[in-house]
Amino acid sequence: MECYLDNAATTRALPEVCDLVAKRMYEDYGNPSSLHMMGVRAERHVKEAAARIAKTLKCDAKQIIFTSGGTESNNTALIGTALANRRRGKHIITTCFEHASIHEPLIYLENLGYEVTYLPVDSMGHLQEDTLREALRPDTILVSVMMVNNEVGSVLDIPALSKVVKETDPGIVFHVDAIQAYGKMKVIPKKIGIDMMSVSGHKIHGPKGTGFLYLADKVKLHPYLHGGGQQRGMRSGTENVPGMEGLGLAAEYMDETLEERRKHMYECKSQFIKRLYEMDGVIVNACDPSRLEETAPHIVSASFDGVRSEVLLHALEEKEIYVSSGSACSSNHPGISGTLKAIGVDAKRLESTLRFSFSSFTTTEELDYTIDCLKSLVPVLAKYQRF
């Protein structure tokens, strides 16, 4: 039985998304900047895709900037905001367990003379309001936090954190990495005080190489790409019309089916955690089983005493079970997870943790099969491994 339990890394594209992308590539393949009818049709498709996404956020379509994915969205938000506000200040705040597509641009900005404060989180992966409040300064220009942690599934209280920022200084830009949140929970940026928000298409059953950045009207952003002035000059380059339309359709689907998908994934998560605790030496990280709905519905981080995560991952792979040992975007630079360190996971568990992540396509049969394989593999691997 093939069990794909790595949906936090990427998701299977919806069949209707694939069909629409192929149709646009074969039929309406005009350049949206062209003045003839083929170009006009292509431009119309781009606008329709933006309108579909905007509807899910209850915002205006002009507030959507299409990108190549979450990494570009995050880089554009951070670097663009920093450059646009450098005369106002050079202080940026984030947390110590952000995704690499936040962490690396901030290192880049530090090399340009910006100062970054990395705030700690607690054992459940939450940023306390007082911690944020105490870090804010007169020269703070940007606060960037993730809504859902990609490794352990903790959910940050974005409305409360935004309130702290805006009460201190309404001019501070509040950016949210919603790459693991969008499509898993309802997000209305204006309602909860988000100025910028990053989303990736391939996390929501859309095409790879697509994403968007929500940008509130008042936010000043220095363009990250320069060229033909597409997307109101905010992101130059010929638009990826098939990808944009596929992303728009996926966003619409995720919004319309949100409640039933959330219910299914929480049921999967509850069953999976309950069965994990049938095993000895297993700890589920940053999650209280009695308060599951305070965490993301699709992510479970579990540590297996005495077994190296990479060894267990490949042992599961031989059983056609596909999981992750952390963020897929960091797999080319293996090392101890900064997230696990940030939430205080003890040293012995740092190298024995796997991430299991679900989608609406995940079945209870797949989860039971995975548990059965874990029950047979873990004792054997633990017997022959030495940390």
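Two residues are said to be in contact when heavy atoms of theirs lie within 4.5 Å. The points below concern a predicted model.

1. Leu-292 and its surroundings. Leu-292 belongs to the loop between β9 and β10. Leaving aside its neighbours within four places in sequence, Leu-292 is in contact with Tyr-266, Lys-269, Ser-270, Ile-273 and Cys-287. Leu-292 has a relative accessible area of 10%; because the limit for a buried residue is under 20%, Leu-292 is buried.

2. With a relative accessibility of 8%, Ala-286 counts as buried. Its backbone deserves attention: phi of Ala-286 is near 55°, a positive value in a residue other than glycine.

3. Another positive phi. Glu-320 sits in the loop between α9 and β11, and its phi is near 65°, again positive in a residue other than glycine. Glu-320 is partly exposed, its relative accessible area being 36%.

4. The seven-stranded sheet. In which order do the strands of the open sheet follow one another? The order is β2-β8-β7-β6-β5-β3-β4, and the pairing is mixed. The edges are held by β2 (64-67) and β4 (115-119), each of which has a single partner strand, so one side of each is left without a neighbour in the sheet. On average, neighbouring strands of this sheet are turned by 20° against each other, direction ignored.

5. A parallel pair within the sheet. Strands of a sheet pair through backbone hydrogen bonds, either parallel or antiparallel. Strand β6 (residues 173-177) and strand β7 (residues 196-200) pair in the parallel sense, over three bridges. His-175 has Met-196 in β7 as its bridge partner. Helix α6 packs on the sheet, where it touches β5 (140-146) and β6, and its direction makes about 160° with that of β6.

6. A residue of α6. Glu-167 is found in helix α6 (residues 158-168). Is Glu-167 buried or exposed? Its relative accessible area is 57%, and Glu-167 is therefore exposed. Glu-167 and Pro-32 are 135 residues apart in sequence, and 42 Å separate their C-alpha atoms in space.

7. Thr-81 in helix α3. Thr-81 has its place in helix α3 (residues 70-84) and, at 0% relative accessibility, counts as buried. Not counting residues up to four places away in sequence, Thr-81 touches Thr-76, Leu-142, Val-173, Met-196, Lys-220 and Leu-221. Among these, Met-196 is the residue already named as the bridge partner of His-175.

8. Strand β12 (residues 353-357) is mostly covered, since five of its five residues are buried. In a regular strand the side chains alternate between the two faces of the sheet. In β12, Thr-353, Arg-355 and Ser-357 point one way, whereas Leu-354 and Phe-356 point the other way, and all are buried. Strand β10 (residues 299-304) runs antiparallel to β12 and is joined to it by five bridges. Within this pair, Ala-302 stands opposite Leu-354.

9. The buried face of α9. Which residues of helix α9 (residues 309-317) are buried? They are Ser-309, Leu-312, Leu-313, Ala-315 and Leu-316. Seen down the axis of α9, these buried residues fall within an arc of 165°, so they line one face of the helix. An α-helix has 3.6 residues a turn, so residues three or four places apart point the same way. The buried residues of α9 pack against β10, β11 (321-322), β12 and α12 (364-384).

10. The packing of α8 and α12. Two packed helices are described by the angle between their axes and the distance between the axes. The axes of helix α8 (residues 258-276) and α12 come within 10 Å and cross at roughly 20°. That angle makes α8 roughly parallel to α12, and the crossing is right-handed. On the α8 side the contact is made by Cys-268, Gln-271, Phe-272, Arg-275 and Leu-276. On the α12 side the contributors include Thr-364, Leu-367, Asp-368, Ile-371 and Lys-375.

How values were computed
Residues are numbered from 1 along each chain as its sequence is written. This is a predicted model: local features need pLDDT of at least 70, side-chain atom pairs count only at pLDDT 80 or more; totals for chains, interfaces and linings use all residues. Side-chain values use heavy atoms; hydrogens and water are left out. Buried means under 20% relative accessible area, exposed over 50%, partly exposed in between (1.4 Å probe, protein chains only). Helices (H or I, at least four residues) and strands (E, at least two) are DSSP runs, numbered from the N terminus. Two strands pair if DSSP finds at least two bridges between them. The arc is that of the directions from the helix axis to the C-beta atoms. Axes are lines fitted to C-alpha atoms, for helices over the stretch in contact, and angles run from 0 to 180 degrees between N-to-C directions. Angles under 35 degrees count as roughly parallel, over 145 as roughly antiparallel, 65 to 115 as roughly perpendicular and the rest as oblique. A crossing is left-handed if the near helix is turned anticlockwise from the far one by less than a right angle, and right-handed if clockwise.
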